[in-house]
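Visitor: Hi, I'm new to this one. Could you walk me through how the chains meet?
Guide: Happy to! Let's bring it up.

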Amino acid sequence: MIRSTSLPLIVTLATFVIAYALCASAYPAMLSSRVVANLLTDNAFLGIAAVGMTFVILSGGIDLSVGSVIAFSGVFLAVILRDTGIHPLAAFALVLAITTAFGAAMGGIIHYLEMPPFIVTLAGMFLARGAAYVLSVDSVPITHEFYDWLQDIYWKAPSGGRFRLTGALMVLTFLAGIVLAHRTRFGQNVYAMGGGVQTARLMGVPLGRTTIGIYAISGGLSGLAGIVFSLYTSAGYSLAAVGVELDAIAAVVIGGTLLTGGTGFVAGTFFGILIMGLIQTYIVFDGTLSSWWTKIVIGALLFTFILLQKGLTWATTLRRRPAPGSPMPS
Amino acid sequence: MTFKATLLAGAVALAPVAAAADDDLTIGFSQIGSESGWRAAETTVTKQQAEARGIDLKFADAQQKQENQIKALRGFIAQGVDGILLAPVVATGWDDVLEEAQEAEIPVILMDRTVDADPSLYLTAVTSDLVHEGKVAGEWLVSEMDGKDCRIVELQGTTGSSPAIDRKTGFEQGIAGHGNLEIVRSQTGDFTRAQGKVVMESFLKAEGPGNICALYAHNDDMAVGAIQAIKEAGLAPGKDIVIVAIDAVPDAHLAIANGEMNATIELTPDMAGPALDALQAYLQDGTEPAKWIQTESRLYTASDDNMAVYEQKKSLGY
Amino acid sequence: MAASHSPLRRLAPQLVILAAVLALNLAVFPDFFRIEFQNGRLFGGVVDVLNRGAPTAILAIGMTLVIATKGIDLSVGAVMAIAGACAAKIVADGHGWGTALAGALAAGAACGIWNGVLVAWLRIQPIVATLVLMVAGRGIAQLVTEGTILTFLNEGLIHLGAGTILGIPTPVVIWIALGAGVTWAVRKTALGLLIEAIGINAAASRLAGINARVLLTCVYLVSGLCAALAGVIVAADIKGADANNAGLWMELDAILAVVIGGNSLLGGRFSITASLLGALIIQSVNSAILLSGMPPEFNLVIKAVLILAILVIQSPRIGHWLYILRASGGDPAPRRAKTVKETAR
Amino acid sequence: MTDPVRPVLQARGITKFFPGAIALADVDLALHPGEVHALLGENGAGKSTLIKCLTGAYPRDGGTLELDGAEVAPGSTQESQALGIGTVYQEVNLLPNLTVAENLFLGRQPRRFGLISRRRMAAAATELLQGYGLDIDVREPLSHYSVAVQQVIAIARAVEMSGRVLILDEPTASLDRDEVELVFSVVRKLKARGLAIVFITHFLDQVFAICDRATVLRNGHVVGTRDLSETGPRDIVHLMLGRQLESEVRERHGGQGGEVLAEIDGLGRRGMIEPFSMQIREGEVIGLAGLLGAGRTETASLLFGAVHADQGRIRLRGRDLKLKGPRDAVAARFALCPEDRKTDGIIGDLSVRENIILALQARQGWARPVPRARAEEIARGYVRALDIRAASLDMPIRLLSGGNQQKALLARWLATEPELLILDEPTRGIDVGAHAEIIQLIESLRERGMSLVVASSEMEELVAYSTRVIVLRDRVQVAELAGDRITAENIVRAITDEDREVA
């Protein structure tokens, strides 16, 4: 049985399948394993960041600092690997610790100072990008052999597609995100907060801890995305990943999560990422469309999905009889 | 795209083969974006060059993002194009995707900027020398000042971008050892006219209008913005403040012709001509081009016929 | 927002912060306050702040109204790009500057109405509704300019961005006049009251007979028009429409200006004057960074820290704690006041 | 009933100060296992404050709390819940976006290897709810179910979380009769299980239907605790109001009213209210009677265009009137004071003056502002006429008491000089003094020739001021009473007629 709550997820999935079929009928090469592998590899960092963003949005918040944190992580890694002798794994741990703490700090400010997430994470966005600049304005190459070793881990499919470690890491992150969202108390608390902060408080959801946790996860996953990005480009660059937060938000919304919070699926975000990647691939294949069409198509998709969600909400409220005394919301 | 080409592309992707019919080439071009007039002109010229040679050019604008460029490159490889032109947004991080191209036997030619990767991974690089450009600008200013004291302000490109870094380095090399020249202020103008104007305004305020003798801008767009700021401050650009910039876009020629600017170093937008020449030769009979095809960095000053150059360039989409 | 009787009291925090930031400017640049008349125009550090703050200030005017209705308009930066592109395109096609301005404003109005319809008629959450245009808008602008920087030499249009009126830079005249005009319009008519009513309680406003839909649409329309005007000014300033960079991240500055102006993101009572002061504060911070001669890589960090400090000082919680500290004189168990506030947006 | 056993919860001398006022003075309350204890009192008597002190939501300023003989001091609702005191509120405080099972087990989900076992959770939830007589799919989101079912789920959660004392704070306020019965059946089961239950309600019949004892609060003091098997409603009301309710039938002045103002013909909306017809004359008060959920509010909303009618028509003085929304109604000189003041009435942060002129201003349009001096004059006039107690006209209206807010809302509409004034529960939740004033105002407005439609759950009130009463049951108009036939008894009869299973 299809529950009404899972309908957006199904629509996202169907959109992806239909879009892929259409693309493939125009360009048969779209079916090659290269394209599939590219979708995973090229979107790995975005996907990982989007998992964190899903949690933030599910709780009814927003995190604008994601792209900047990715850039900061990359630069930090590159600089620390260049200037010190520590092993990349230790550096990874350090980056994850810093970005998680950064996210937690933003969550703390949001909760304890009762400031809107929009503004707090906006300041966080400036701060992280600025910190990246201070570390280095150059693109700093990473030349550690451990990086080469990591980059050489891939499975090569028959027709040339390379399924790389980072793509697998993204899939793992999504799986972990799904488990975290649906199978842990923390995840349930996130949904609860998205359903209504006051009610969640009354039902015993530890708001402070959860808020800090949510932004810490988003920060930490942005850090992880930064690590993946540094593997992707073998460098740290303070101008990298500008505007990734918008792509992540778009993927989350296209994936069927309500921006008001409370409803949605981590798995939906995965398909949101794939749909956006597919659009980009199609535009490259076409080769004549201005790539700015990507933005326009994503905007149109956003619009479609928002309308769809609106329609669904409307349909479900119609089914219930109006509560006495409450006139239709204006 | 024609149906035939579609089928061809599909066949190539499923069973990669290197060569295709000579006169039916499909070339992918991954452009950085359209952040400046020069960049737009380069795109126009590349499209013109491809059209003139009957090449099917697949154009992808990366909106200044490396991740988009890597995606585009992988898309080209998956599609099985015959060759790839890449104008890299940064120097680092291309090894993996270039390896994939090499494995698929698709030659890659770098345009405009080079990368930090093993040279065997690409066919050749068609670039100007960014450091050299800066150096030419610096040396020109040294000779122009002829021993007089000069306080210079510098409008940097986007913080962290390689032209900004290289052109700064080159300029500093150019003026090195000449104690009469001193860079007193340096700020980023993001390569845009708007920021060029804003930052120049603050330079004028901070230093006092009479205390600036020369402006070095990392591109012409910022210089054009700065010229407006100088005029609004009641000074005569080109006379009260000597202005040298890089790119030689039409508006810079116009400014020089009007006496509002003193010199610009041309960065030719025609990188695609030599690049496609080399590519076609390679695809035809495997001619290995030189690893670096350097374009000319020509200096334009008031002694050139700038109006003529302006007329010639203005239709290129700068 | 306390309904204070004296506007000065309402504006006091913003004025103090502005004074502090201006003092900072003075510290890094002693001649900051000197104003000269050169070349037919006023010239000086303060004039620059006023002039450079124009786009943010103009956006903040529309944004204040939108935020007062409990909304937000993320699309203004993209609308700026669209409007600038349209103006340049129209001039390039050989029309006059009046047509260009009208065309740009029409484009802005269309964008505003689009947002307004999504919010008021389709009842889509404002942050989502305007996100659509924010994502797609720059692409549309890019299509208009066909990926190039459309330059123009139309004196009339350029005058809007770089000219002067009685020696004062045109953008300064425009934003002050617009700010005064809109303030006058909302305070001398009932618009301000009705907008605040919608922002505080939309359901009750509707039942009181307020035409919330039309008003909401109008508010987004005004925001679109402001964005278009800002877009034209930015384009005119550099004699070219740069679809790529025009208005990039400006929506964030505009929202910051409104928030620094002490207006609640939860809607209700608003002060356009305070938002304009907020815009000036942001511009003064930028100016201080430029004048200080710090290396550019520090710009963002300094800006972030200053803004964070300003916001934290203004945070209701901090005010509450300060109040308790002062009232209790270190009383160990201050009475807990329930400040029930929806933190999530 | 009152077993000699030790009380589960014993509160002694509970005292609570608010700035400038004593909210609770030395309140004692003892709850015994297996009893349902009604907590009664007018609004503002201190019921909610007492509950909040018991559950730790407010810190106490004095007094002690003993649970099973041991002194406790819960600092938050969570703590009190852990101690065994659970609370259920009027608005269902569960999360509509979560499933029923998730709501029941939020914060204490069954886990296996550290992960929530959704299957076990669903099974446990299904079993748990079956114990409360609910057999529903617990995997559906809560919003899927009716308010009554949600309320039972909320009770189930509260009991599972606490298990000693259950506080029900007006859980039945928005339920219809069958739904109330569903909740009561659950309460009886819990009572049999030995829980001590506190029940707060405004419905006296419900008090006598389910409760064993009642404690009555007035002005923060306990004025008495009664065994309900030994006392009657009259006593209780006497305790609450401090005086006998004047129940003598008032002399009726209005009679039939004047000319026909509006004719309503078959107005209705599917799924909300069946088509109804009525004539409204000048100078008459039409009472809308019926139980909650019978369609009173819906009728009022439809008349005002707040909800769009999908059938029928309204003729105003013989001319067709199309109501696309409240704006059209306001233009036609209709006015509506809604039932829920807070969400649908006041604009909290606006000043008293602005709230009063708001409807007038909305009708005039934005371009013609009410001048400041005129606004001041109007507001002052009504503040005086209606005795609105506000420190200043500039203070935000949310700071006023409920009764004063209601009067300000009335002023808002009177300022538009309406021809038809629709009042939905005009006296709900306001103190006794204001109550009487509003009833008086209704009479005097009628005498001036205004037409009024008043929906109310207070039978005596309707009898007092109505010239006609329309009785609704299950969203259908079932009777119209006029003249001498307007008595509480007749209304009750109309409401319950043909109803065999009386609650």
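Visitor: How much area do chain C and chain A bury between them?
Guide: About 4700 Å², with 79% of it on carbon and sulfur atoms. Buried area here is the accessible area (1.4 Å probe) that two parts lose on being put together, summed over both. Before we go on: this is a predicted model, where local features need pLDDT of at least 70, side-chain atom pairs count only at pLDDT 80 or more, and totals for chains, interfaces and linings use all residues. Residues are numbered from 1 along each chain as its sequence is written, chains are lettered from A and ligands numbered from 1 in the order in which they are written, and side-chain values use heavy atoms, leaving out hydrogens and water.

Visitor: Thanks! Which helices of chain C touch chain A?
Guide: Those that each supply at least two residues to that side are α5 (97-121), α6 (126-145), α10 (202-207), α12 (250-260), α14 (299-314) and α15 (316-328) of chain C. The largest share, 12 residues, comes from α6(C). Helices here are DSSP runs (H or I, at least four residues), numbered from the N terminus.

Visitor: And what classes of residue are on that side of chain C?
Guide: There are 38 nonpolar, 7 polar and 9 charged residues on the side of chain C that touches chain A. Ala, Val, Leu, Ile, Met, Phe, Trp, Tyr, Cys and Pro count as nonpolar, Asp, Glu, Lys and Arg as charged, and the others, Gly among them, as polar.

Visitor: How many salt bridges cross between chain C and chain A?
Guide: The rule finds 0. It asks for a side-chain nitrogen of Lys or Arg within 4 Å of a carboxyl oxygen of Asp or Glu.

Visitor: New topic: how much do chain D and chain C bury between them?
Guide: About 2400 Å², 65% of it on carbon and sulfur atoms. On the chain D side, D:R327, D:I347 and D:W366 supply 22% of the area that chain D buries against chain C, more than any other three residues.

Visitor: How many salt bridges are there between chain D and chain C?
Guide: The count is 1. The side chains of D:E354 and C:R269 form it, at 2.6 Å from N to O.

Visitor: Which helix of chain D gives the most to the side that touches chain C?
Guide: That's α12(D), with 6 residues. By class, the side of chain D that touches chain C has 16 nonpolar, 7 polar and 7 charged residues.
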